[in-house]
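User: Please take me through some local features of this model, with the conventions stated as they come up.

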Amino acid sequence: MVKTTKSANLLFDGKNFDLPMKSPSIGPDVIDIGKLYNEADIFTFDPGFTSTASCESSITYIDGDKGELLYRGYPIDQLAEKSHFLEVCYLLLYGELPTSPQLNDFENRVTMHTMVHEQMHNLFRGFRRDAHPMAIMVGVVGAMSAFYHDSTDINDQMQREISSIRMIAKVPTIAAMAYKYSIGQPYVYPRNDLDYASNFLRMCFSVPAQEYEPNPILSRAMDRIFTLHADHEQNASTSTVRLAGSSGANPFACIAAGIACLWGPAHGGANQACLEMLHEIGSLDRIPEYINRAKDKDDPFRLMGFGHRVYKNFDPRAKVMKESADEVLELLGIENNEILQIAKELERIALEDEYFIEKKLYPNVDFYSGIILDAMGFPTSMFTPIFALSRTVGWISQWKEMIADPVQKIGRPRQLYSGPVERDYIKLENR
Ligand code: CMC
């Protein structure tokens with residue numbers, strides 16, 4: 001649906017350069033600078049890609065000013081309320097909501113791939129028990145390419161399909177195994193009669209001595225967390241997956257690269273950092289101190305769970321997540337626990353404070369997801385792995401779209417070089 005309609009004109013060095021413009025189905029127009037270097041011998045400079053579209057995509061759309069997030073055109077709040085994660089996976093992967101037989105078939109295909117190769121247990125054993133589950137996930141998901149050779153040929157459409165299903169099915173199993181390993185409990189094998197979210201909860205919380213019965217409200221909240229994190233346009237980890245994939249790397253390696261990028265506290269690691277921050281604050285009377293620190297230019301501290309590169313009004317995922325948090329806390333009877341009181345007070349103060357209003361810093365999805373996961377009994381170290389398992393489908397959808405794109409080429413940004421100009425080597429004794 002992208003149209004090339006008008007053009008922009010660049011006047012440089014006394015010469016005019018016509019730059020074609022593309023109009024998206026929604027959103028701002030885009031200036032195509034693909035031929036600029038060839039024609040004008042100049043680069044553009046945009047650290048952090050704040051004004052640069054790196055690809056054409058028809059999967060997810062975000063309007064940061066309106067606080068809107070659409071998966072294949074469907075608003076996230078409608079999907080969170082009326083759909084469920086595996087249906088959303090189908091939508092992201094194939095572009096349309098499935099019919100009933102299509103959904104059954106898809107659910108079966110995912111369910112039939114939930115177990116991991118038994119040999120993988122040895123791989124887990126190589127890690128220290130205190131390894132962060134994200135460290136294990138980067139390693140184990142990357143190692144899937146050593147186990148599933150029959151689905152690493154990116155030029156074979158069927159192999160791309162099989163690797164996609166394998167990852168959606170197995171990443172929850174791997175995340176749960178990483179958790180069980182870290183607490184010294186035996187792995188719990190997946191159970192195919194459970195839905196995706198209940199199965200994950202059971203793999204995390206069941207032990208051989210006592211069966212875990214997933215509560216439907218908790219399963220629903222878990223499913224929503226998966227849905228709300230499933231894709232988010234060209235964020236850092238998705239761009240990492242695309243960049244890794246642009247060289248022709250196999251899909252398991254690309255998703256492992258995405259997991260590594262997600263781990264950072266400015267991205268997926270924020271949910272863990274946010275809850276740790278709430279614990280560090282520890283009591284209501286210390287909130288002003290932390291608010292002041294967040295505002296202090298000389299202090300690197302930031303309020304974790306606040307702010308977003310794209311959302312400058314509100315994060316629509318946070319709105320749904322807040323409702324979910326209320327439901328879960330009520331069910332568990334912990335609406336009044338201290339951490340929650342601190343979170344609520346922090347939210348209230350930040351939303352009224354001039355600094356946060358002026359800079360458009362609102363609570364983001366990670367502010368509330370951490371609270372829910374904590375209430376469910378997950379340790380903070382599992383928050384980012386849960387984000388990673390939710391985002392796996394988004395990464396795969398974007399990777400598949402990139403492979404199928406006829407104009408796709410290896411990603412190779414240029415630079416604004418500021419190092420020394422050419423100089424001659426100086427022998428050691430003369431330095
Ligand atoms: N606390 C205090 N000040 C902040 C915060 C914050 N959380 N976020 C941004 N600012 C200030 C920042 O200091 C800067 O001030 P100034 O203009 O005076 O220099 C201004 O707001 C703009 O910040 P920025 O770093 O230029 O904005 P960005 O778009 O590059 O960063 C962000 C976005 C999400 C990395 C940032 O807001 C942040 O670090 N937030 C905390 C981490 C967090 O919660 N991340 C999760 C994002 S949602 C999950 C996901 O999609 O990954």
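Analyst: Buried means under 20% relative accessible area, exposed over 50%, and partly exposed in between, with a 1.4 Å probe and protein chains only. This is a predicted model, in which local features need pLDDT of at least 70, side-chain atom pairs count only at pLDDT 80 or more, and totals for chains, interfaces and linings use all residues. Residues are numbered from 1 along each chain as its sequence is written, and side-chain values use heavy atoms, with hydrogens and water left out.

User: Is F49 buried or exposed?

Analyst: F49 belongs to the loop between α1 (36-40) and β4, where helices (H or I, at least four residues) and strands (E, at least two) are DSSP runs numbered from the N terminus. Its phi is near 50°, a positive value in a residue other than glycine. Because its relative accessibility is 54%, F49 counts as exposed.

User: Which loop holds R72?

Analyst: R72, although not a glycine, has a positive phi of about 50°. Its place in the chain is the loop between β5 and β6 (74-75).

User: Which residue takes a positive phi in the hairpin of β4 and β5?

Analyst: β4 and strand β5 (residues 68-71) run antiparallel and are joined by four bridges, with D63 opposite E68 in β5. Along β4 (residues 60-63), T60 and I62 point one way and Y61 and D63 the other way, and all are buried. The hairpin has four residues between its strands, and the residue with a positive phi, near 70°, is G67.

User: At roughly what angle do the axes of α10 and α18 cross?

Analyst: Axes are lines fitted to C-alpha atoms, for helices over the stretch in contact, and angles run from 0 to 180 degrees between N-to-C directions. The axes of α10 (residues 236-246) and α18 (residues 383-404) come within 9 Å, and their crossing angle is roughly 40°.

User: Which residues of α10 make the contact with α18?

Analyst: Contact means heavy atoms within 4.5 Å. On the α18 side the contact is made by R391, W395, Q398, W399, E401, M402 and I403, and on the α10 side by S237, T238, V241, R242, G245 and S246.

User: Is E347 buried or exposed?

Analyst: E347 is part of helix α15 (residues 338-352). Leaving aside neighbours within four places in sequence, E347 is in contact with F306, K322, P363, F367 and Y368. Because its relative accessibility is 10%, E347 counts as buried.

Definitions and conventions: Two strands pair if DSSP finds at least two bridges between them.
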